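Hi,

Here is the structure I said I would hand over.

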Amino acid sequence: MNGNTPYAGLPGETGAGQRAAADVPDLSSAQKRLLHRDVSRIASRTREFLPNEYVVDADVSSGMTGPQVTVAVRPPVGHAVSAGFTPDLEDAVAAEEVITAAERDEVARGLAASAALQVKQAVNDSVRPTGK
């Protein structure tokens, strides 16, 4: 049964549950620098939308399909929110950015809005409206 699944591996080439090394893209040092810079820009842009009480952090890690980017926001109350994605590295070979400015702005706005919504939902019942 296991031989019929892609997770069984290829005898003598790839172990069960492993991917072939050719499937996982390698980043050059320049691509790594660009990716870290772009992720820092997302975190910085997110901070611009939010007050200082919100904690914003970003991380680049290696996943099964290549680099994984995560940007997270911890609001003062409520649940943390995060955005995680795998950047498209094929377009970034000769480019000066791995994540475009439009993509960075979209992620930052979405995270800021989600974090603000978490705060609103957390304090909704405990705050009396000042006027109607």
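**Notes on the model**

Let me start with a single side chain: Arg37 has a relative accessible area of 32%, so Arg37 is partly exposed. On that scale, buried means under 20% relative accessible area, exposed means over 50%, and partly exposed is in between, with a 1.4 Å probe and protein chains only.

Before you go further, some ground rules. This is a predicted model, in which local features need pLDDT of at least 70 and side-chain atom pairs count only at pLDDT 80 or more, while totals for chains, interfaces and linings use all residues. Residues are numbered from 1 along each chain as its sequence is written, and side-chain values use heavy atoms, with hydrogens and water left out.

**Salt bridges**

Back to Arg37: its side chain meets that of Asp38 in a salt bridge, at 3.3 Å from N to O. The term stands for a side-chain nitrogen of Lys or Arg within 4 Å of a carboxyl oxygen of Asp or Glu. The structure holds 6 salt bridges.

Another of them joins Glu48 and Arg45, with the closest N and O atoms 2.7 Å apart. These two are 3 residues apart in helix H1, so about one helical turn separates Glu48 and Arg45. Glu48 is exposed at 53% relative accessible area, and Arg45 is partly exposed at 28%.

In helix H2, Asp105 and Arg109 sit 4 residues apart, about one turn of the helix. Their salt bridge has its closest N and O atoms at 2.9 Å. Asp105 counts as partly exposed at 23% relative accessibility, and so does Arg109 at 46%.

**The sheet**

Helices (H or I, at least four residues) and strands (E, at least two) are DSSP runs, numbered from the N terminus. Three strands make an open sheet in the order E1-E2-E3, with antiparallel pairing. E1 and E3 are at the edges with a single partner strand each, so one side of each has no neighbour in the sheet. On average, neighbouring strands are turned by 15° against each other, direction ignored. Two strands count as paired if DSSP finds at least two bridges between them.

E1 (residues 55-63) and E2 are joined by 9 bridges and form a hairpin with 2 residues between them. Gly63 has Gly66 in E2 as its bridge partner, and Ala58 stands opposite Val71 in E2. Between E2 and E3 there are 5 bridges, among them the one that pairs Thr70 with Gly84 in E3. The hairpin of E2 and E3 has 6 residues between the strands, and Gly78 takes a positive phi there, near 95°.

**Helices and core**

How do the helices sit on the sheet? H1 lies across E1, E2 and E3 and runs at about 155° to E1; H2 lies across E2 and E3 and runs at about 155° to E3. Axes here are lines fitted to C-alpha atoms, for helices over the stretch in contact, and angles run from 0 to 180 degrees between N-to-C directions.

H2 (residues 101-123) has 23 residues and reaches 33 Å from its first C-alpha to its last, close to the 33 Å expected at 1.5 Å a residue; the expected span is 1.5 Å times one less than the number of residues. Its buried residues pack against H1, strand E2 (66-74) and strand E3 (81-85).

Which members of the largest nonpolar core touch the most others? Of its 21 residues, they are Leu50, Val71, Val73 and Leu111. H1, E2, E3 and H2 each supply at least two residues of this core. A nonpolar core is a set of buried Ala, Val, Leu, Ile, Met, Phe, Trp, Tyr and Cys residues joined through side-chain atoms within 4.5 Å.

Leaving aside neighbours within four places in sequence, Leu50 is in contact (heavy atoms within 4.5 Å) with Val56, Val73, Ala112 and Ala115. Thr46 lies in helix H1 (residues 29-49) and counts as buried at 0% relative accessibility. Not counting residues up to four places away, Thr46 touches Val56, Val73, Ala108, Leu111 and Ala112.

Cheers
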